[in-house]
Amino acid sequence: MAACYQKFDPAAYLQYNYTPPRADFARKDSIVPWKLACLHRAFTEGDVSGELLVDIGSGPTLYQVMSGCEVFNKLILTDFLEVNRQELRCWLQNEGGCSLDWTPYLEHVCKLEGKRPSAWKEKAGRLRHVISDILPVDVHCSQPLAPETLPLAGADCLVSCFCLESVSPDLPAFTRALGHIGKLLRPGGHLLLIGALGESYYFGGPGVRIPVVPLNEAQVCDSLKESGYTLIRLEVYTLPQDMQVGVDDVTGVFFAKAKKE
Ligand SMILES: Nc1ncnc2c1ncn2[C@@H]1O[C@@H](CSCCNC[C@@H]2Cc3ccc([N+](=O)[O-])cc3CN2)[C@@H](O)[C@H]1O
């Protein structure tokens with residue numbers, strides 16, 4: 001699987017998935033507002049708390065931690081590829097030249113939090129303040145992060161978006177990867193998992209076709225249970241026709257909130 005990621009192009013990937021129509025904040029049926037609403041609810045409904053949030057397989061994106069950064073005082077971003085970690089560092093350093101302007105995302109999450117959209121600068125400052133590390137990760141390793149990365153007790157919460165199914169050749173590998181990242185989480189900690197349903201490939205750049213293990217809802221639920229999680233909630237988004245933009249064959253997106261037993 002690693003070989004097909006050598007040509008991954010963060011800028012193209014962001015263009016494919018994180019600009020309109022998939023990221024259209026004026027459309028109630030756009031995918032990104034749906035994802036942001038799921039994450040906002042999950043982080044703010046009162047059962048998720050602690051000190052440390054770890055994002056597994058961040059890719060070049062930040063939307064997935066924009067709600068969580070208000071709940072946790074320490075946030076670790078991770079990805080397998082240096083090109084993606086560099087994209088995240090670019091935003092963190094706030095010197096311009098990054099591949100995507102995250103302002104509309106920050107404004108939208110501010111609105112979800114009942115703040116003025118112009119509060120996005122404070123939110124950006126909070127997010128930059130709590131990000132403590134941007135580290136390599138490999139979910140196929142039984143120890144996905146370097147041993148000294150986390151406190152002995154583990155992280156209080158994990159978030160992972162569109163990663164596990166995109167790097168697993170089959171369902172058993174997806175389930176094993178879930179178990180591997182579960183070891184990073186303290187008992188009673190929460191996992192917020194977003195992923196693709198029915199996806200067999202996606203383009204990680206022009207001509208960079210990357211295989212994905214196609215999942216359905218039942219398989220996601222079974223894999224979570226098999227790898228030691230109790231499912232709290234599963235939400236599913238079905239893509240409207242005009243969200244099929246030729247960059248993958250995804251049919252739906254799931255959001256799972258689960259708790260490590
Ligand atoms: N062994 C590894 N361990 C951890 N991470 C690894 C490993 N290998 C590669 N990686 C890392 O995993 C990758 C994560 S990006 C994966 C993209 N997933 C598919 C894509 C995403 C997407 C987004 C939005 C929408 N939508 O409908 O709005 C649909 C879809 C469906 N297509 C990449 O960051 C790589 O660097």
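Leaving aside its neighbours within four places in sequence, with which residues is Glu-217 in contact? The residues concerned are Leu-197, Leu-234 and Val-236, where contact means heavy atoms within 4.5 Å. The structure is a predicted model, in which local features need pLDDT of at least 70 and side-chain atom pairs count only at pLDDT 80 or more, while totals for chains, interfaces and linings use all residues. Residues are numbered from 1 along each chain as its sequence is written, and side-chain values use heavy atoms, with hydrogens and water left out.

The chain as a whole provides the setting. It has eight helices and nine strands; these are DSSP runs numbered from the N terminus, helices being H or I of at least four residues and strands E of at least two. The radius of gyration is 17 Å, close to the 18 Å that the globule rule gives for 261 residues, so the chain is as compact as a globular protein of that length. That radius is taken over C-alpha atoms, and the rule is 2.2 Å times the number of residues to the power 0.38. Along the principal axes, the C-alpha atoms fill a box of roughly 45 × 40 × 30 Å. Of the 261 residues, 54% count as buried, a class defined by under 20% relative accessible area, with exposed over 50% and partly exposed in between (1.4 Å probe, protein chains only). Among contacts between residues at least 6 apart in sequence, 72% join residues at least 24 apart.

Glu-217 lies in helix H8 and, at 42% relative accessibility, counts as partly exposed. Its C-alpha atom is separated by 27 Å from that of Tyr-105, 112 residues apart along the chain.

Helix H8 (residues 217-226) packs with H7 at an angle of about 45°, their axes being 9 Å apart. Axes are lines fitted to C-alpha atoms, for helices over the stretch in contact, and angles run from 0 to 180 degrees between N-to-C directions. H7 is therefore oblique to H8: angles under 35 degrees count as roughly parallel, over 145 as roughly antiparallel, 65 to 115 as roughly perpendicular and the rest as oblique. Leu-171, Phe-174, Thr-175 and Leu-178 of H7 make the contact with Gln-219, Ser-223, Leu-224 and Glu-226 of H8. By class, these residues are four nonpolar, three polar and one charged; Ala, Val, Leu, Ile, Met, Phe, Trp, Tyr, Cys and Pro count as nonpolar, Asp, Glu, Lys and Arg as charged, and the others, Gly among them, as polar.

Thr-175 is found in helix H7 (residues 171-182) and counts as buried at 10% relative accessibility. Apart from neighbours within four places in sequence, Thr-175 is in contact with Ser-223, Glu-226 and Ser-227.

Val-32, Pro-33, Leu-36, Ala-37 and His-40 of H2 meet Tyr-105, His-108, Val-109 and Leu-112 of H4. That contact comprises seven nonpolar, two polar and no charged residues.
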